[in-house]
Amino acid sequence: LTTTPPTTSVATPPTPPTITGFSSMAGIFINGGDPSGDAAALGISKFPYLLEWADWSSASAMSDVSWLAQYANNYGARLVAPFPVILNNGMTPDQGVNGAMNGIATSFAQSLVANGQSNAIIRLGWEMNGSWYPWGSSNMTPAQFLSIWSQEVAAMRSVPGQHFLFFWNPSLDSFNSCSAWLPPPGQVDIIGLDLYDNYQLGSWPGAQTAWQSYLNAPCGLNWIAQTAQARGLQIG
């Protein structure tokens, strides 16, 4: 008796989609290192955008960010520059509402313009709907945040030679909507979500369930996309 083993069909994996314009859209958040190797690993010559960290513990540190601009310049990148809504030195929300950050915002903007980053993207008061920063939900109200945001945007836009874009950047919010923290039209150019590669609601439920929560959370990816479309904004 001769038997023929069954033929096993092996599916051919699909060809990965081509991301049109990837080399002109990609950015990286890197803290002081050399991004060239990471760019090469993705098959691009460089990152057009570099998102950097800064020291927001004092007015002097935030007023002169020439080093931050020059770092991005060294790699031919457009800087995504962090600016805190209030400093991490005991400054209170009420002080911010009363204009304590406005002069610092002006100096910050002047420093960027003077050092070749007049078109920087200003990542202002990121993850405001979380509780972990001085400008977050455990320390100030949405009304206070929006008042300070408006003043800081106006201060930076008053600087001659600037062509900044302002990036509103909440964190994934699985519990309540972040819309209360969204500035009015005209004060935001880019919106985008800080979405970390973990599951924020407890034990890992599996990839499909986690992905659906990332999409459908009150401040999830679908909400970001819909808001960007409704306002004609870019997504970061």
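**Inside the fold**

Modeller: Happy to! The protein chain has nine helices and seven strands; these are DSSP runs numbered from the N terminus, with helices (H or I) of at least four residues and strands (E) of at least two. Please keep in mind that this is a predicted model, where local features need pLDDT of at least 70 and side-chain atom pairs count only at pLDDT 80 or more, while totals for chains, interfaces and linings use all residues. Residues are numbered from 1 along each chain as its sequence is written, and side-chain values use heavy atoms, with hydrogens and water left out.

Of the 236 residues in the protein chain, 43% are buried, meaning under 20% relative accessible area, against over 50% for exposed and in between for partly exposed (1.4 Å probe, protein chains only). In soluble globular proteins, nonpolar side chains tend to be buried together. A nonpolar core is a set of buried Ala, Val, Leu, Ile, Met, Phe, Trp, Tyr and Cys residues joined through side-chain atoms within 4.5 Å.

The largest such core here holds 53 residues, and Phe83, Phe108, Leu112, Ile122, Met156 and Trp168 have the most contacts inside it. Elements giving it two or more residues include α4 (66-74), β3 (78-83), α6 (102-114), α7 (142-157) and β5 (165-168). The largest share, six residues, is from α7.

Let's stop at leucine 112. Setting aside residues up to four places away in sequence, leucine 112 touches Val65, Ala69, Leu79, Ala81, Gln117, Ser118, Ala120, Ile122 and Phe164, where contact means heavy atoms within 4.5 Å. A second, separate core has nine residues, among them Ala26, Ile28, Ile44 and Ala77.

A search of the whole structure finds one disulfide, defined as a pair of cysteine sulfur atoms within 2.5 Å. Cysteine 178 and cysteine 219 form this link, with their sulfur atoms 2.3 Å apart. The link is right-handed, with 65° about the S-S bond. Distant parts of the chain are joined here: cysteine 178 is in the loop between β5 and β6 (190-191), and cysteine 219, 41 residues apart from it, is in the loop between α8 and α9. Cysteine 178 counts as buried because its relative accessibility is 0%, and cysteine 219 is buried because it also has 0% relative accessibility.
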